[in-house]
Amino acid sequence: MRVSGVEQDRQEFAEFYAATRDDCLRIVLISVGDRQQAEDLVADAFTKAWLTWRKMRQHPAPQAWIIRTALNAHVSWWRRHRREEPLAGYDETAATAQHPALDSSLLAGLRRLPLRQRQVIALRVLLDLDTATTAQILSMPSGTVASHLHRGLAALRHECPALGDQERIT
Amino acid sequence: MTDEATLTALRHRLAEVRDSMRDVHMTIPDNAIFTDARKRRTRRGIAVALTAVCAAIGIAVALVLPGGQAPAGHVHLAAWSVEANSDGTVTVTIRQMLGNPVGLQQALAKDGVAAVVRYIPYKTSTRRHHGHTDFATYPACEYQGGLPKEPDSVTAKAISGAATTPPHLAFVIHTSAMPEGSVVYIETGFVWTATLLTNSRLPRCVPAGPPPGW
């Protein structure tokens with residue numbers, strides 16, 4: 001049976017979505033901390049990817065693009081909402097939305113990093129991409145990736161001394 | 001502790017975190033992504049169509065309504081205005097620094113006034129310039145003996161009522177009193193002036209605006 005171009009695109013995207021969505025969600029969740037928000041950000045990034053799928057399918061690391069887009073959207077969301085006053089009981093809801101694994105000083109430190117450093121760590125550490133690919137996806141020189149990584153790691157070492165202890169043990 | 005060691009430790013720790021999140025899954029089905037994308041496409045299409053309709057209406061109104069098209073000789077902008085008077089003179093008023101000096105030059109040309117309009121900011125006349133004082137007109141040019149001006153008596157007949165209080169310059173050009181080959185030289189920025197130059201002696205190296213990067 002012949003499959004039309006649009007249908008083929010749809011099928012291809014559906015396969016990509018099924019294969020990568022959970023990984024993307026977990027990585028964004030580590031960076032964002034809120035389960036519901038992470039899911040919304042990832043879904044939004046996938047929607048943008050589908051809108052430009054013909055171009056996106058050529059991307060060297062589409063999963064990394066999804067993560068970068070979701071993290072960028074998170075910063076935009078934060079800029080829009082930073083002056084809002086939380087409603088009474090908001091913290092209660094946020095607590096239930098948080099995964100138990102996310103409650104650590106390391107992740108809190110990670111979330112406090114500037115966006116670029118967080119993006120570099122997400123791509124280099126969580127997606128295990130090399131410096132050159134990370135640089136290509138974030139549209140920055142390799143030297144800048146290395147510099148963001150260095151600063152991010154220095155900040156995390158400062159925030160979470162246990163990181164050093166673990167290394168000494170292993 | 002080196003970056004490499006921290007990186008390894010971090011990779012370890014985050015891998016543990018990821019492993020402990022095996023129960024975290026996207027609950028949004030792919031159909032919801034397709035539906036959302038379709039809605040966005042529709043919204044974008046409507047926005048583009050509305051923009052096109054508004055632009056078309058704007059153009060139609062500008063062309064049809066009287067006064068929609070500025071008559072030649074009457075140009076009024078926030079930065080400057082040029083008015084061709086019934087007695088053959090042209091009134092020029094400059095109210096702001098000229099972001100687009102060529103625009104004023106072209107408006108004057110339409111009224112039959114040969115003019116050279118320059119915006120030369122202060123820093124352009126003082127930086128990267130060997131052997132010139134702060135009052136050098138333009139660093140790229142050698143103005144030995146100053147600008148090639150027409151005699152004062154000739155200039156006074158051709159340009160009258162020059163009121164200069166930067167950033168404001170207003171004057172009237174008497175085109176009939178301009179000698180053959182002369183040009184009105186208008187400069188704003190560090191110096192605000194309107195004078196009459198001898199065209200043949202005008203340095204060609206004076207660019208319309210400051211060089212890129214200034």
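Which residues of the largest nonpolar core touch the most other members? In this predicted model, they are A:Val28, A:Val42, A:Phe46, A:Ile66, A:Ile67 and A:Ala70, and the core has 45 residues. Helices H1 (5-32), H2 (35-51), H4 (62-81), H7 (115-126) and H9 of chain A each give two or more residues to this core, and so does H1 of chain B. H1(A) provides the largest share, 10 residues.

Apart from neighbours within four places in sequence, A:Val28 is in contact with A:Ala38, A:Leu41, A:Val42, A:Ile67, A:Ala70 and A:Leu71. There is also a second, separate core, with 25 residues, including B:Val92, B:Leu169, B:Met178 and B:Val184.

**Chain A**

Chain A contains 10 helices and zero strands. Of its 170 residues, 35% count as buried. When contacts in chain A between residues at least 6 apart in sequence are considered, 69% of them join residues at least 24 apart.

How many residues of H7(A) are buried? The count is 10 of the 12, so H7(A) is largely enclosed by the rest of the structure. Just after H7(A), A:Asp128 has a positive phi of about 60 degrees.

Two packed helices are described by the angle between their axes and the distance between the axes. Helix H9 (residues 142-159) of chain A packs with helix H6 (residues 105-112) of chain A, and the axes of H9(A) and H1(B) also come within 10 Å. The values are set out below.

| Helix pair | Angle | Axis distance | Crossing |
|---|---|---|---|
| H6(A) and H9(A) | about 140 degrees | 9 Å | right-handed |
| H9(A) and H1(B) | roughly 70 degrees | within 10 Å | left-handed |

At about 140 degrees, with the axes 9 Å apart, H6(A) is oblique to H9(A). On the H6(A) side the contact is made by A:Ser105, A:Leu106, A:Gly109 and A:Leu110, which meet A:Ala155, A:Leu156 and A:Glu159 in H9(A). By type, the residues of this contact are four nonpolar, two polar and one charged.

H9(A) and H1(B) cross at roughly 70 degrees, and the two helices are therefore roughly perpendicular to each other. Here A:His150, A:Leu153, A:Leu156 and A:Arg157 in H9(A) meet B:Asp3, B:Thr6, B:Leu7 and B:Leu10 in H1(B). These residues divide into four nonpolar, two polar and two charged. A:Leu156 takes part in the contact with H6(A) and in the contact with H1(B).

**The side of chain B that touches chain A**

How many residues of chain B are in contact with chain A? There are 28, and they touch 30 residues of chain A. Helix H1 (3-19) and helix H2 (30-64) of chain B each supply at least two residues of this side. H1(B) gives the most, with 13 residues. The chain B side is made up of 14 nonpolar, six polar and eight charged residues.

Terms used: Residues are numbered from 1 along each chain as its sequence is written. Chains are lettered from A and ligands numbered from 1 in the order in which they are written. This is a predicted model: local features need pLDDT of at least 70, side-chain atom pairs count only at pLDDT 80 or more; totals for chains, interfaces and linings use all residues. Axes are lines fitted to C-alpha atoms, for helices over the stretch in contact, and angles run from 0 to 180 degrees between N-to-C directions. Helices (H or I, at least four residues) and strands (E, at least two) are DSSP runs, numbered from the N terminus. Angles under 35 degrees count as roughly parallel, over 145 as roughly antiparallel, 65 to 115 as roughly perpendicular and the rest as oblique. A crossing is left-handed if the near helix is turned anticlockwise from the far one by less than a right angle, and right-handed if clockwise. Two residues are in contact if their C-beta atoms, placed from the backbone, lie within 7 Å. Ala, Val, Leu, Ile, Met, Phe, Trp, Tyr, Cys and Pro count as nonpolar, Asp, Glu, Lys and Arg as charged, and the others, Gly among them, as polar. A nonpolar core is a set of buried Ala, Val, Leu, Ile, Met, Phe, Trp, Tyr and Cys residues joined through C-beta atoms within 7 Å. A residue is buried if 20 or more other C-beta atoms lie within 10 Å of its own, exposed if 12 or fewer, and partly exposed in between; C-beta atoms are placed from the backbone.
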